[in-house]
Amino acid sequence: MASSKAYGDRVASHSNRAAQDLLRTMERKQSNLCVSVDVTSKAAFLAVVEAVGPFVCLIKTHVDVIADFDADLVEQLTQLAAKHDFLIFEDRKFADIGNTVSLQYAGGIYKIASWSHITNAHTVPGPGIIAGLAKVGLPLGRGLLLLAEMSSAGNLATGAYSDQTIAMARAHRDFVVGFIAMQRPSGPADEDFLILTPGVQLGSKGDALGQQYRTPREVVFDSGCDVIIVGRGVTGSGESINVEEVQHQARRYRDEGWSAYRERIAS
Ligand code: BMP
């Protein structure tokens, strides 16, 4: 069962390079923290990434919210990923037919496939979305997460939709490395998906727009998820970045996530 194994011991269960690299990075850095850097200026974005880099296995981006996005941002982000030893996950949530998503993934302004190790997709369009993204991403060693569940109140990714998403992933194990989900799905003992989970914060149950929060322990220990995704819990909500506070919070979530994982594999 994947949830009782050490991250490093799970590398061999994955053929996808991005999945292997993420598991190795988690083990090496002793971190299952992904910080979601949802700020709207390039300067604030790079300041947060520089501050949290030492504490994370993964940086999650929404590059389309950055008003002054440019190619240099990608260059600097890539350099910071090498300096601090983390992977990059553009949270693009592709949701169109295979042909369209392959164009969106490879090209446009953002050229996501050229720099983002991991991205994600909704399964509403059916399996063609996976084939369209794989055509671009697999030759580059990229990995895909499917949104099996969401953290927001009233979302429709439940029941049969989630089950069919998991079935689609099983049919594309070379490229689909796991899920955005709130819990580890049940499956065969030797099945190993990476479970990345947003909606994590200490000291708040949610926001005014439907977000719902759980603690790192609830996510990693109780629900068997692998990576905690924390946005405002680390960055705060405004554009002004207090580097010391951001670092303090990143360390705190890194420690909470890691001790919940240690407890899980020991139990
Ligand atoms: P925060 O921790 O500030 O609530 O941010 C959560 C991040 O995770 C956001 O970037 C959001 O887009 C993303 N996310 C989420 O909150 N719930 C989901 O179900 C899927 C997500 O990608």
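**Active site and ligand pocket**

User: Which residues does the UniProt annotation "active site" cover?

Analyst: The annotation, from an unreviewed UniProt entry, covers Asp91, Lys93 and Asp96. The structure itself is a predicted model.

User: Which of this set does the lining of the largest pocket take in?

Analyst: The lining takes in Asp91 and Lys93.

User: Where is Asp91 in the fold?

Analyst: Asp91 is in strand β3, which runs over residues 87-94.

User: OK, the ligand now. Where does the ligand sit?

Analyst: The ligand sits in the largest pocket.

User: How many residues surround it, and which are the closest?

Analyst: The ligand is surrounded by 13 residues, and the closest are Asp38, Lys93, Ser151, Tyr213 and Arg232. Lys93 also belongs to the "active site" annotation.

User: What does the shell around the ligand divide into?

Analyst: The shell residues are three nonpolar, five polar and five charged.

User: How far is a ligand oxygen from the side chain of Asp38?

Analyst: An oxygen atom of the ligand is 2.6 Å from an N or O atom in the Asp38 side chain. For the side chain of Tyr213, the distance from a ligand oxygen to an N or O atom is 2.7 Å. For the side chain of His62, that distance is 2.9 Å.

User: How much of the ligand does the protein bury?

Analyst: Taken alone, the ligand exposes 480 Å², and the protein buries 90% of that.

User: Different topic. What domain does UniProt give for residues 32-246?

Analyst: The unreviewed entry annotates residues 32-246 as "domain: Orotidine 5'-phosphate decarboxylase". Over that stretch the chain is 33% helix and 18% strand, with the end C-alpha atoms 17 Å apart.

Conventions
Residues are numbered from 1 along each chain as its sequence is written. This is a predicted model: local features need pLDDT of at least 70, side-chain atom pairs count only at pLDDT 80 or more; totals for chains, interfaces and linings use all residues. Side-chain values use heavy atoms; hydrogens and water are left out. A residue is near a molecule or strand if one of its heavy atoms lies within 4 Å of it. A polar contact is a pair of N or O atoms within 3.5 Å; within protein, one must be able to donate a hydrogen and the other to accept it, and residues adjacent in sequence count only if both atoms are side-chain atoms. Accessible areas come from the Shrake-Rupley method with a 1.4 Å probe; for residues, only the protein chains shown count as cover. On a 1 Å grid over the protein atoms alone, a cavity is a set of points where a 1.4 Å probe fits but cannot get out, and a pocket is an open set with protein on both sides within 12 Å along at least five of seven lines; lining residues have an atom within 4 Å of a point. A molecule sits in a cavity or pocket if more than half of its atoms lie within 2 Å of its grid points. Ala, Val, Leu, Ile, Met, Phe, Trp, Tyr, Cys and Pro count as nonpolar, Asp, Glu, Lys and Arg as charged, and the others, Gly among them, as polar. UniProt positions are given in the numbering used here, feature names are shortened, and annotations may be inferred rather than shown by experiment. Helices (H or I, at least four residues) and strands (E, at least two) are DSSP runs, numbered from the N terminus.
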